[in-house]
Amino acid sequence: ALGDLEKATEHLVGAGRDGGHPVGFWRASRIAEATGNHALAAETAESSAESSNVPAQKAAEFLRAGRLWYDHVSDTRRAMLALQRSLEVDPAGADAFDLAKKVMEDGTDPRLALDLISERLAAVESHHETIELGAKAASLALELGDTARAKDHMRAVLQADPEHSPSLESLAKLCGDDEEWQEAAQCHIRLARLAEGPEESLPHFFQLGIIFHEKHLDQRRAIQSFRKVIAVDADHLEALRRLSILLPMAEEWEAAAEVTSHLAKVEPEEGGRRDALLMLARAYDEGLDDARRAEQALEEARRLSPTDLGVVTTLAEFYRRQGAGQALVVHLDRSATDFRRVLEEKPCEVSAYKALFKVFALRGAEDAARCAATVLATFGEAGLDEEELIARLGGTAWVPGPAVADIGLDEYLCPPALTPSLRALFARIGDTAIRLRPQDPRKLGLGRGDRLGRGHPIHTMAQTMAPWFGIRDVEAVSYT
């Protein structure tokens, strides 16, 4: 093979394979490199390493193969595999690992990179390198979706450096995601201590409050955490909301009243302010035995949401407990008026009829409550309470009867704009007007699909009542 390097390489490779001796592979690798066949050079370097029994030579040949794969063939995967095998033989091999880091920076299989770093970590003694490699290993494990392994590497980093904030941040999140609340809380405690100032510590105290509150770990520490949040940001809505719940549970009524009073001022939504005022009233009433301020809070809630049935009933129950009968009557009559105003604009608003039923029941006005219950039954919306009252007072949905056609009721039923003189005029010209201009539902955009057929509660009611008013033929339609 003199003068023929390719032929020489072929003979050397054959000799290496036949004799299992590294020298043949070693020389073949050098000749292949000299002729520019870098892939063959790398492969024979690996074969030389595999056949060698000398650890130093084995590690060196795998390292050489890695360089060839990376520098000349641009095969990062084969390069990483060769370097990994070099480090298996010599975990402390700095040159092999430096090259491996360069390969990783250029992009390679993250699983290979993670295995290589893990092996290196087992041998490394440098404090700085332990932290650097552990953080890199955790990042690779996360990239692979192996959160358990990522957390193990983060914990190892924190053993080396308990103040390594990036690892604490990541571990806190992962532990929270995996519902490992005790460890998540410990991470946030350490992060809060490491924070450079109050603003930086705020998110960690808030997360601590959430963990201690929602996961029932420690309500007292939840209160402490949220107090630290509002000490930095007095208008922090979520911390104020949670303290308004937690402080009454701890029977810290003065603090509860103070926090909830502030919450009622800063809540951006009407519903939030209403709820805060109701909680404030409870603190004054149940905790501080201050009926005057409790009533003030409830009145403010009522002014804010006059047609909120929860507010109406809470204030009514307060007056009942206080024995303030006259105030109770005034409050309920006022509330009935508010709900009637709703019905003036929306005559079929079911919630308003339900509210009136409740208000009349609290007032002790059973006839009025029965009227509201009857309307709800007509709409098919009567609940158990309404049905019970109807059954007790009459056995069926109560209908007033022909007396509703009494002309004397017009004063109460007609809109103010429909004066007695106008009503008299319409009564005289009604039949003539209908003949001159017959009703056509189509002009209102109504068709057959809008008709309420026989058997529908409203159609049945209309048929029953029509004769009382001298109406012969009735057609019921749904019009919105």
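F426 is found in helix α24, which spans residues 420-436; helices (H or I, at least four residues) are DSSP runs numbered from the N terminus. The model is a predicted one, in which local features need pLDDT of at least 70 and side-chain atom pairs count only at pLDDT 80 or more, while totals for chains, interfaces and linings use all residues. Residues are numbered from 1 along each chain as its sequence is written, and side-chain values use heavy atoms, with hydrogens and water left out.

F426 has a relative accessible area of 44% and is therefore partly exposed, where buried means under 20% relative accessible area, exposed over 50% and partly exposed in between (1.4 Å probe, protein chains only). Together with L422, L425 and I429, F426 forms a nonpolar patch on the surface, with about 330 Å² of accessible area in total. Patches are made of residues with over 30% relative accessible area and no salt bridge, like charges being joined within 9 Å and nonpolar side chains (Val, Leu, Ile, Met, Phe, Trp, Tyr) within 5 Å. Accessible areas come from the Shrake-Rupley method with a 1.4 Å probe, and for residues only the protein chains shown count as cover. An α-helix has 3.6 residues a turn, so residues three or four places apart point the same way.

With residues up to four places away in sequence not counted, L83 touches L63, G66, A96, L99, A100, V103 and L116; contact means heavy atoms within 4.5 Å.

Helix α14 (residues 237-249) has 13 residues and reaches 19 Å from its first C-alpha to its last, close to the expected 18 Å. The expected span is 1.5 Å times one less than the number of residues. Buried residues of α14 are A239, L240, R242, L243, S244, L246, L247 and P248. These pack against α12 (198-214), α13 (219-232), α15 (253-266) and α16 (270-287). After α14 comes E251, with a positive phi near 60°. One of the helices packed against α14, α12, holds H204. H204 is buried because its relative accessibility is 8%, and its contacts, leaving aside neighbours within four places in sequence, are E169, H188, L191 and A192.

Side chains of opposite charge can pair when their charged atoms come close. With a salt bridge taken as a side-chain nitrogen of Lys or Arg within 4 Å of a carboxyl oxygen of Asp or Glu, the count comes to 30 salt bridges. In one of them, the closest N and O atoms of R85 and E50 are 2.8 Å apart. This pair links distant parts of the chain, with R85 in helix α5 (residues 76-89) and E50 in helix α3 (residues 38-51), 35 residues apart. R85 is partly exposed at 35% relative accessibility, as is E50 at 45%.

A salt bridge also joins E180 and R155, with 3.7 Å between the closest N and O atoms. E180 lies in the loop between α10 (165-177) and α11 (181-194) and R155 in helix α9 (residues 147-160), so the pair ties together parts that are 25 residues apart in sequence. E180 is partly exposed, with a relative accessible area of 28%, and R155 is partly exposed at 27%.

E366 and R392 meet through their side chains in a salt bridge of 2.7 Å, N to O. Here helix α21 (residues 366-378), which holds E366, is linked to helix α22 (residues 384-393), which holds R392, the two residues being 26 apart. Relative accessibility is 35% for E366, which counts as partly exposed, and R392 is partly exposed at 46%. Salt bridges that share partners join K151, D152, R155, D178, E180 and E183 into one network.

Two further pairs were examined by C-alpha distance. L309, in helix α18 (residues 309-322), is partly exposed with a relative accessible area of 30%. L309 and K358 are 49 residues apart in sequence and 8.4 Å apart in space, C-alpha to C-alpha. Neighbours within four places in sequence aside, L309 is in contact with A355 and K358. V329, in helix α19 (residues 325-345), is partly exposed with a relative accessible area of 25%. V329 and L362 are 33 residues apart in sequence, with 9.2 Å between their C-alpha atoms.
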